[in-house]
Amino acid sequence: MEKDKMISLKGKGVSNLSPLVLAFIGDAVYSLYVRTKIIERGDKKLAILNEEAVKYVKASSQAKSLEKIYDFLTEEEKEIVRRGRNAKTSTVPKGSSVREYRYATAFEALVGYLYLLERLDRLYFLLQLAMEYSEDG
């Protein structure tokens with residue numbers, strides 16, 4: 001598969017996609033980013049890797065990360081976050097509040113949006129900030 005055919009939806013109505021579709025993609029992108037960063041720290045047993053990854057990808061951590069990076073967002077990005085936060089979902093995972101889940105969905109929608117538009121420098125900048133803030137607690 002050619003690299004440019006793998007992800008390119010750029011210019012094909014990414015802004016018109018449902019925020020839940022953006023979050024669906026964003027969840028995968030963020031999970032891959034987190035897992036990659038964790039294995040860069042050194043080889044560990046799979047159970048430890050999973051434990052570390054969950055610290056970052058759980059709804060409460062994503063919600064906190066979004067709150068911390070919010071002031072760094074452009075108006076366009078804030079609009080995607082607003083749409084993601086207000087998206088109607090039918091379930092909330094155990095252990096998460098409705099508020100946390102909505103903010104996590106907003107965070108994932110933003111990640112998916114930037115990824116699909118191929119704004120990778122911006123995406124990596126925000127993901128790095130998000131992980132730093134998650135590490136700080």
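I looked up the largest pocket and noted a volume of about 210 Å³. For pockets, a 1 Å grid is laid over the protein atoms alone; a cavity is a set of points where a 1.4 Å probe fits but cannot get out, whereas a pocket is an open set with protein on both sides within 12 Å along at least five of seven lines. Grid points are joined across faces, edges and corners, and the volume is the space filled by probe spheres set on the points.

The model is predicted: local features need pLDDT of at least 70, side-chain atom pairs count only at pLDDT 80 or more, and totals for chains, interfaces and linings use all residues. Residues are numbered from 1 along each chain as its sequence is written, and side-chain values use heavy atoms, with hydrogens and water left out.

I listed the lining next (an atom within 4 Å of a point). It has 14 residues, and A59, Q62, P93, Y101 and E108 are the closest to the pocket centre. Helices α2, α4 (59-69) and α6 each give two or more residues, and α6 gives the most, with four. Helices are DSSP runs (H or I, at least four residues), numbered from the N terminus. By class, I have seven nonpolar, four polar and three charged lining residues. Ala, Val, Leu, Ile, Met, Phe, Trp, Tyr, Cys and Pro count as nonpolar, Asp, Glu, Lys and Arg as charged, and the others, Gly among them, as polar.

I then checked how α4 sits against α6. Their axes come within 7 Å and cross at roughly 65 degrees. Axes are lines fitted to C-alpha atoms, for helices over the stretch in contact, with angles from 0 to 180 degrees between N-to-C directions. In the contact (heavy atoms within 4.5 Å), A59, Q62 and L66 are among the α4 residues, and Y101, F107 and E108 are among those of α6. I count this contact as nine nonpolar, three polar and four charged residues.

For α2 (residues 19-40) and α6 (residues 98-116), I noted an angle of about 80 degrees and axes 6 Å apart. That makes α2 roughly perpendicular to α6 (65 to 115 degrees). The α2 side includes L22, I25 and V29, and the α6 side includes F107, V111 and Y115. The contact has 13 nonpolar, three polar and two charged residues.

Last, I looked at α2 with α3 (residues 46-57), which pack at about 135 degrees with axes 10 Å apart. Among the residues that meet are Y30, V34 and I38 of α2 and L49, A53 and Y56 of α3. This contact divides into eight nonpolar, two polar and two charged residues.

Terms used: Angles under 35 degrees count as roughly parallel, over 145 as roughly antiparallel, 65 to 115 as roughly perpendicular and the rest as oblique.
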